[in-house]
Amino acid sequence: MISLSCIVRFLKKWTLPVSMAIGALGYFLVSGLGIGPAGRNFILTIISYVQPMLLFCMLFLTFCKVKASDMRFCQWQLWMLLFQSLLFVALACLDIAIGESGWNVVTESMMLCFICPTATAAAVVTGKLGGNAGSLTLYTVMINLCTSLLVPLMVPLVHPAATHGFVQSFALIIGKVFPLLICPLLLAMALRRIVPSMVARLTSCRDLAFYLWAVSLALAIAVTTRSIVHGGVPLAYEAAIAAASLLACIVQFAFGRWIGRRYGEPISAAQSCGQKNTVLAIWMGYTFMSPITAIAGGFYSIWHNVWNSWQLASPSSVTTRPFKRA
């Protein structure tokens, strides 16, 4: 008979796959209950409030462990900004050359996957893997600014009828991301100075931020499953977008680890480049690109969480020692 301790060990080792499975199954379970449009809208509204609250709490707990001195500039950050930006611009040029062929949704999907900024939750996984959450946090701010500049500049060239101007698009993206990223960071830094004893007590709750993220991930996968099921995308396009997002995921994790290894931070660089804010990617697809491209963020969410699940479950990939400067 399976003991309770075995179940607990299994859940600790495979937290993310279990969370993803619960999210997907939860969506199909709720769908099977025959809840009407009003009920579904109510559930989506609740999720839209709960998710940001969970993200805020887990980022706050993570930033409580990050010192301002750890948020330092590293050369790998510059290389990755250049890598993501150039690929985004190159794919935009390819999309313009292809024209309205129908398959340009694949190039636009890859554009989203490459320019999409680092996930706000990436600091949690990076810390769990033994990387430097400080340098990743700084890169997250940098890539969000880069995305806010490049997307408004390039989208009108890809979609000439785009209704959003540069200033409006910039404000939309900044307003979508920065309150959730900057506010918990500022709060953590303020409490570190004012009531360090409270910060010490909060940081003593080991892995609390990680388990909050697991709950948030289950909700995100449920929303992702819904977007894929109800996307109304032809199967051929859906398969092509899934393959394109998988390729983008592999390339970015591989490049991040390659460039990060040269500067002594392979984990931080790989997570910075590969783990994406897929909710933002879905939103950018609906807002700035062809609506079909929004499912690219959904598929990417699956790929990068599968990879993170393997990393966290594999003893050889997890660094339990505290981060040391190279």
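**Exercise 1. Describe how helix α7 crosses helix α12, and find the residues that meet there.**

Step 1: Start with the handedness. You are looking at a predicted model, where local features need pLDDT of at least 70, side-chain atom pairs count only at pLDDT 80 or more, and totals for chains, interfaces and linings use all residues. Residues are numbered from 1 along each chain as its sequence is written, and side-chain values use heavy atoms, with hydrogens and water left out.

Step 2: Locate the helices. α7 covers residues 133-158 and α12 covers residues 266-274. Helices here are DSSP runs (H or I, at least four residues), as strands are (E, at least two), numbered from the N terminus.

Step 3: Look at the angle. The two helices pack at about 30 degrees, with their axes 9 Å apart. Axes are lines fitted to C-alpha atoms, for helices over the stretch in contact, and angles between N-to-C directions run from 0 to 180 degrees. α7 and α12 are therefore roughly parallel to each other (under 35 degrees; over 145 is roughly antiparallel, 65 to 115 roughly perpendicular, and the rest oblique).

Step 4: Pick out the contacts (heavy atoms within 4.5 Å). Ser135, Leu136 and Tyr139 of α7 meet Ser268, Gln271 and Ser272 of α12. Sorted by class, this contact has two nonpolar, four polar and no charged residues (Ala, Val, Leu, Ile, Met, Phe, Trp, Tyr, Cys and Pro count as nonpolar, Asp, Glu, Lys and Arg as charged, and the others, Gly among them, as polar).

**Exercise 2. Work out how α13 is oriented against α14.**

Step 1: Helix α13 (residues 278-288) packs against α14 at about 165 degrees, with the axes 7 Å apart. That makes α13 roughly antiparallel to α14.

Step 2: Check the handedness: α13 passes α14 in a right-handed crossing.

Step 3: Among the residues that meet are Ala281 and Ile282 in α13, and Tyr300 and His304 in α14.

**Exercise 3. Is Ser309 buried or exposed?**

Step 1: Find Ser309 in helix α14, residues 294-313.

Step 2: Ser309 counts as buried because its relative accessibility is 5% (buried is under 20% relative accessible area, exposed over 50%, partly exposed in between, with a 1.4 Å probe and protein chains only).

Step 3: Beyond its neighbours within four places in sequence, Ser309 is in contact with Leu16, Pro17 and Met20.

Methods. Left-handed = near helix turned anticlockwise from the far one by under 90°.
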